[in-house]
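Please read them with the model open beside you.

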Amino acid sequence: MLRKVLLPIIALCVLSFVTLFILAQNEDIVDRAERTIEAAEGPKGEYYTKVTDWTAREYSDINLSTYAFLDFDQDGAYSLGDRSLSDIAVELYYEGKFIATSRSNTNGFSNFSSQLRGAGARINKEGSYTFRAKPPEGWTVTTGNSEQILDYARLDGSIGGGALNAMPKPIGFAPQKYIAGRATPNADVTATDTDGTSFSGTADATGQFKLIVPKSGLYRVTAGARSVPIVVDVFPVHIGNIETHETFTDNLTLLDFEGQTATQTFKVPNGYGDLNWFNLNVIDAMEIGSGYVNAVTSGNHVIYLSSGHPAEITAPTAIDFQSVHITVAWRNAEGETLRVEMWRGDEKIVDDIVELSMLAPVLYAPNVRDITRIALTTTHHWQAVFDDLRIRAPLPSQP
């Protein structure tokens with residue numbers, strides 16, 4: 001009987017003890033959490049105080065930069081449509097003494113580290129600094145500011161302890177203009193502008209010619225009995241073989257390689273532009289830099305020879321090939337050459353050699369009709385880069 005009475009009492013006591021223990025533990029957890037929050041917050045107002053003593057600060061490096069851009073409209077000002085220019089060399093001088101060279105990055109900036117009295121900084125003393133842009137051979141600085149002299153002085157409270165009296169202004173560049181192509185070997189070749197001024201040269205033993213012209217505009221290129229109109233715009237032009245070059249500008253299709261996929265790099269798929277593609281990749285040029293960035297003539301995407309190896313484009317239905325912009329991807333391949341071959345069925349119509357630069361495209365504009373196959377091969381297997389291919393499919397036959 002006593003056992004029956006005691007068992008419920010003992011159970012009730014145990015349950016009460018467990019309940020009290022759990023409550024105590026929870027209170028301890030809450031208490032510790034509150035103390036942790038208080039410790040993390042610290043004294044009120046410590047995290048948002050204003051700086052009152054700007055002299056008691058540690059300096060750190062900060063870049064002072066020039067900006068290089070391709071002046072598409074050649075108006076001498078950085079404006080809509082102009083693009084960053086990669087790999088342009090800028091020299092830095094202090095009080096007339098050479099300090100360093102920096103090449104512009106993917107975004108067009110040539111960076112020079114600065115910190116007053118900073119041992120590793122390029123700009124670390126008060127005084128006069130000269131930023132001197134070095135245009136490639138034959139190029140022009142459209143903004144007229146290839147050399148900019150600025151003063152650097154102490155500025156308490158600044159990131160690097162000093163500042164320029166002004167930032168360098170953007171530097172605009174335009175590539176050298178020329179008309180290249182192929183004619184009869186050793187033929188005299190002339191390009192005449194709308195003012196009647198002529199620029200002459202002679203084709204070499206293989207028929208290759210290159211005429212330097214001073215400005216953009218319309219030229220008439222003549223070799224022997226053959227004469228064709230050529231428009232030079234921002235970039236130099238390679239017209240292919242003057243004997244097969246025709247003029248056509250209507251009903252063109254632009255393949256700009258934009259909007260294909262969100263991935264960074266992929267193969268150009270068969271069917272794009274109603275063509276079949278082999279060994280050509282699409283890439284977001286801004287992710288890579290170097291000649292890929294300089295190759296862009298619209299949007300951000302370009303195509304290139306995968307691993308620098310030969311590529312081929314075939315047309316199930318013959319196309320007219322007007323033009324494409326071509327660049328080489330890397331600085332240490334400057335001057336690489338691209339062989340372009342085109343067939344009309346089994347007959348080879350085009351066999352051109354195009355000299356490439358990584359700094360700006362050449363507009364390859366052979367203007368040839370009824371092409372079914374195109375082969376692209378760089379001499380030393382460097383990556384040739386292409387943008388804005390313009391082609392024309394034959395018009396449907398009339399009933």
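1. The accessible surface of the chain comes to about 20900 Å², and 54% of that surface belongs to carbon and sulfur atoms; areas of this kind come from the Shrake-Rupley method with a 1.4 Å probe, and for residues only the protein chains shown count as cover. Please keep in mind that this is a predicted model, in which local features need pLDDT of at least 70 and side-chain atom pairs count only at pLDDT 80 or more, while totals for chains, interfaces and linings use all residues. Residues are numbered from 1 along each chain as its sequence is written, and side-chain values use heavy atoms, with hydrogens and water left out.

2. The secondary structure of the chain is made up of two helices and 28 strands, where helices (H or I, at least four residues) and strands (E, at least two) are DSSP runs numbered from the N terminus. Of the 399 residues, 44% count as buried, a word that here stands for under 20% relative accessible area, with exposed meaning over 50% and partly exposed in between (1.4 Å probe, protein chains only). Among contacts (heavy atoms within 4.5 Å) with a separation of 6 or more, 64% are made by residues 24 or more positions apart.

3. Tryptophan 343 is placed in strand E24, which covers residues 337-344. Is this tryptophan 343 buried or exposed? Tryptophan 343 counts as buried because its relative accessible area is 11%. Leaving aside neighbours within four places in sequence, tryptophan 343 is in contact with Lys348, Ile349, Asp370, Ile371, Thr372, Arg373 and Ala375. In the case of alanine 375, which lies 32 residues away along the chain, the two C-alpha atoms are separated by 8.8 Å.

4. Rolling a probe the size of a water molecule over the atoms shows where empty space is left. On a 1 Å grid over the protein atoms alone, a cavity is a set of points where a 1.4 Å probe fits but cannot get out, whereas a pocket is an open set with protein on both sides within 12 Å along at least five of seven lines, and lining residues have an atom within 4 Å of a point. Grid points are joined across faces, edges and corners, and a volume is the space filled by probe spheres set on the points.

5. The largest pocket has a volume of about 500 Å³. Its lining has 22 residues, of which Val231, Gln322, Ser323, Leu363 and Ala365 are the closest to the centre. Strands E16 (226-232), E23 (311-328) and E28 (384-392) are the elements that give two or more residues to this lining.

6. The structure holds two cavities of 30 Å³ or more, and the largest cavity has a volume of about 90 Å³. Its lining includes Ile303, Phe321, Val340, Met342 and Leu389. E23, E24, strand E27 (368-378) and E28 each supply at least two of the lining residues, and the largest share, four residues, comes from E23. By class, this lining has 12 nonpolar, no polar and no charged residues, where Ala, Val, Leu, Ile, Met, Phe, Trp, Tyr, Cys and Pro count as nonpolar, Asp, Glu, Lys and Arg as charged, and the others, Gly among them, as polar.

7. The second largest cavity has a volume of about 40 Å³, and its lining divides into five nonpolar, two polar and one charged residue.
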